[in-house]
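Subject: Handing over a structure, with notes

Dear colleague,

Please find below the structure that I am passing on to you, followed by what I found when going through it. I have grouped the notes by region, so that you can read them beside the model.

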Amino acid sequence: MAPRTALVIGARGVIGGNLIDHLRESGGWDVIGVSRRGGTDEGRVRHLAVDLLDRDATAEAFAASRAVAEVTHVFYAAYQERPTWAGLVAPNLGMLTNVVDAVEPVAPRLEHISLMQGYKVYGAHLGPFATPAKESDPPHMPPEFNVDQQQLLERRQAGAAWSWSAIRPSVVAGIGLGNPMNLALVIAVYASISKELGIPLRFPGAPGAYTSLIEMTDAGLLAEATVWAATTDVAQNQAFNITNGDLFRWSSMWPKIAAFFELEVAPPLPMALTEVMADKEGLWDAMVARHGLAPTPYSDVSSWAFGDFVFRWDYDVIADGSKARRAGFHSYVETEEMFLRIFTDLRAGRLIP
Ligand SMILES: NC(=O)c1ccc[n+]([C@@H]2O[C@H](COP(=O)([O-])OP(=O)(O)OC[C@H]3O[C@@H](n4cnc5c(N)ncnc54)[C@H](OP(=O)(O)O)[C@@H]3O)[C@@H](O)[C@H]2O)c1
C-alpha cells in the first residue's frame with residue numbers, strides 16, 4: 001500500500017479521537033489531528049491546533065505545515081454545538097468550507113474527503129421518521145447542516161481529482177472526555193452517581209423511549225467503516241449508514257447496565273438530566289477523591305443535554321445498514337458487549353469507580 005497521510009479534522013472528538021487510534025493501530029498511515037486544543041505528538045500522529053472558524057488562520061496553518069502538503073485523505077469529524085438546528089448550519093458549514101478551501105491548494109496528493117454525518121439527515125432529531133432509514137430516503141425540510149455539508153462536497157468534487165464519502169452512524173459510543181455528545185459516559189457517570197447515593201438505576205427518559213427500538217454505533221467500528229469507505233473503490237461518492245448491526249430496547253439493556261454497576265433496577269422515571277445532575281459537581285469531586293479516580297472535572301464527564309436528547313426518543317431510531325454490507329463492509333459489534341467493554345475501560349482508566 002502506498003503511504004497514506006490522514007488529516008483528521010476534529011481530532012479531540014469522541015469520533016475523531018477513536019479514528020486516530022484506529023489509524024495508528026492499523027499502521028500504514030501518517031496522521032495529522034486538527035482541533036483547537038491540539039494534542040501531544042506521538043509516533044506517526046501529529047497535532048495541529050487551529051480554530052477552523054477562522055478562515056485565514058486555517059489557510060495559514062495548513063499552508064505552513066509540511067505534513068499537510070502530504071495529505072491523501074481528509075476525515076472530517078469536527079462539530080460546533082449550537083442551541084438550535086438553524087444555528088448549527090453556519091458554523092458547521094463554515095468550518096468544512098474553510099477546511100476544503102485550505103487543503104485543496106496545498107495537498108496535491110489529495111484522494112478523498114470523508115464526511116461524518118448522522119441520522120439527522122433522516123430527521124431522527126425532529127420526530128418519528130421513516131424507519132429503517134435508507135441512504136436513498138428523500139430529504140426533509142431544512143435547516144440541516146449535514147445535508148448542506150454533503151452538498152458542498154458534491155459540488156466541490158465535480159471535476160476534482162478526489163472523491164468523497166459520507167458516513168451516517170447512530171448514537172456513537174466510545175471513550176472521550178469533554179465531548180457534548182457521549183452517551184456511554186452519560187450512562188456510566190449517571191450509574192456511578194446512583195451507586196454513590198445508594199439508589200437504584202432508573203431509566204430517566206420518556207416512557208415510550210424505554211420500549212422503542214434503537215441501535216448504537218461503536219466508535220471503533222465506526223472508525224473501521226470510515227476508513228473502509230474512504231479507501232474502497234466501490235464506496236466512492238456515496239453515503240453509508242454504519243451501525244453495530246443489532247437492535248435493542250432500553251427496557252432490556254437497562255438491567256444489564258445495572259448489573260454491571262451492581263445496582264438494582266427500579267421503574268423508569270422521566271427526568272431532565274440537565275436539571276437533576278446540575279448540582280452533582282461537589283459529589284463528583286468527592287467521588288474522585290474517595291475512589292482515587294483520575295482527576296477529571298465534572299464538566300468533562302457531563303454530556304447531560306445529549307442524554308436528555310437521546311432518552312427523549314419515544315419512537316424507533318433505526319437505519320438500514322445493509323448498503324455498506326452489500327458494498328463489502330461486514331464488521332459488526334454486539335451492543336451489550338460494547339457498553340460493558342466501554343464501562344470496563346472507563347474503570348481501568350480510573351475515570352469512574
Ligand atoms: N457523538 C455522537 O453520538 C454522534 C452521533 C452521530 C453523528 N455524530 C456527528 O459526528 C460529528 C462529530 O461528532 P463528535 O461527537 O465526535 O463531536 P465532538 O466530540 O464534539 O468533537 C468535535 C471536534 O471538533 C473540534 N472542533 C470544534 N470546533 C472547532 C473549531 N472551531 N476549530 C477546530 N476544531 C474544532 C473539537 O476539538 P476542540 O474543541 O479542541 O476544538 C473536537 O475535536 C458531528 O457532525 C456529529 O453530529 C455524532
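Trp228 and Phe329 are both buried, and I start with them, keeping in mind that this is a predicted model. The two residues come from distant parts of the chain, with Trp228 in helix H7 (residues 219-231) and Phe329 in the loop between helix H12 (322-326) and helix H13 (335-348), 101 residues apart. Aromatic rings pair here if their centres lie within 6.5 Å, with planes under 30 degrees apart counted as stacked, over 60 as edge-to-face and the rest as tilted, and by this rule there are 26 aromatic pairs. The ring centres of Trp228 and Phe329 are 5.5 Å apart and the planes meet at 40 degrees, so this pair is tilted.

A second pair is formed by Phe248 and Phe339, whose ring centres lie 6.4 Å apart with the planes at 85 degrees, so that this pair is edge-to-face. Because Phe248 lies in the loop between strand E10 (238-242) and helix H8 (250-260), while Phe339 belongs to helix H13, the pair ties together parts that are 91 residues apart in sequence. Phe248 and Phe339 are both buried, and they also belong to a cluster in which ring pairs link Tyr190, Phe203, Tyr210, Phe248, Trp250, Trp254, Phe260, Phe261, Phe311, Phe339 and Phe343. Another ring, that of Phe240, has the charged end of Lys323 sitting over it, 4.7 Å from the ring centre.

Helix H8 deserves a look of its own. Which residues of H8 are buried? They are Trp250, Met253, Trp254, Ile257, Ala258 and Phe260, and, seen down the axis of H8, these buried residues fall within an arc of 150 degrees, so they line one face of the helix.

Glu262 is found in the loop between H8 and strand E11 (265-266), where it is exposed, with a relative accessible area of 64%. Arg350 also has a positive phi without being a glycine, with a value near 60 degrees; this residue is found in the segment after H13 and, at 34% relative accessibility, counts as partly exposed. For context, most residues other than glycine have a negative phi, and most peptide bonds are trans.

On the peptide bonds, two are worth checking in the model. A cis peptide bond joins Thr131 and Pro132, with omega about -15 degrees, and the bond from Pro142 to Pro143 is likewise cis, with omega near 10 degrees. Pro132 lies in the loop between strand E5 (112-116) and helix H4 (145-157), and Pro143 is found in the loop between E5 and H4 too.

Turning to the ligand, there are 30 residues around it, of which Arg12, Arg36, Arg37, Asp51 and Gln80 come nearest. A polar side-chain atom of Arg36 lies 2.7 Å from an oxygen atom of the ligand, whereas for Val14 a backbone N or O atom lies 3.1 Å from a ligand oxygen atom, and for Tyr79 a backbone N or O atom lies 3.3 Å from one. The protein covers 95% of the 890 Å² of accessible area that the ligand has on its own.

Two further loop residues complete these notes. Tyr298 lies in the loop between helix H10 (281-290) and helix H11 (304-311) and, at 6% relative accessibility, counts as buried. The C-alpha atoms of Tyr298 and Glu281 are separated by 5.7 Å, although these residues are 17 residues apart along the chain.

A colleague

Definitions and conventions: Residues are numbered from 1 along each chain as its sequence is written. This is a predicted model: local features need pLDDT of at least 70, side-chain atom pairs count only at pLDDT 80 or more; totals for chains, interfaces and linings use all residues. Side-chain values use heavy atoms; hydrogens and water are left out. Rings of Phe, Tyr and Trp (its six-membered ring) pair if their centres lie within 6.5 Å; planes under 30 degrees apart count as stacked, over 60 as edge-to-face and the rest as tilted. Helices (H or I, at least four residues) and strands (E, at least two) are DSSP runs, numbered from the N terminus. Buried means under 20% relative accessible area, exposed over 50%, partly exposed in between (1.4 Å probe, protein chains only). A charge sits over a ring if NZ of Lys or CZ of Arg is within 6 Å of the ring centre and within 35 degrees of the ring normal. The arc is that of the directions from the helix axis to the C-beta atoms. A residue is near a molecule or strand if one of its heavy atoms lies within 4 Å of it. A polar contact is a pair of N or O atoms within 3.5 Å; within protein, one must be able to donate a hydrogen and the other to accept it, and residues adjacent in sequence count only if both atoms are side-chain atoms. Accessible areas come from the Shrake-Rupley method with a 1.4 Å probe; for residues, only the protein chains shown count as cover.
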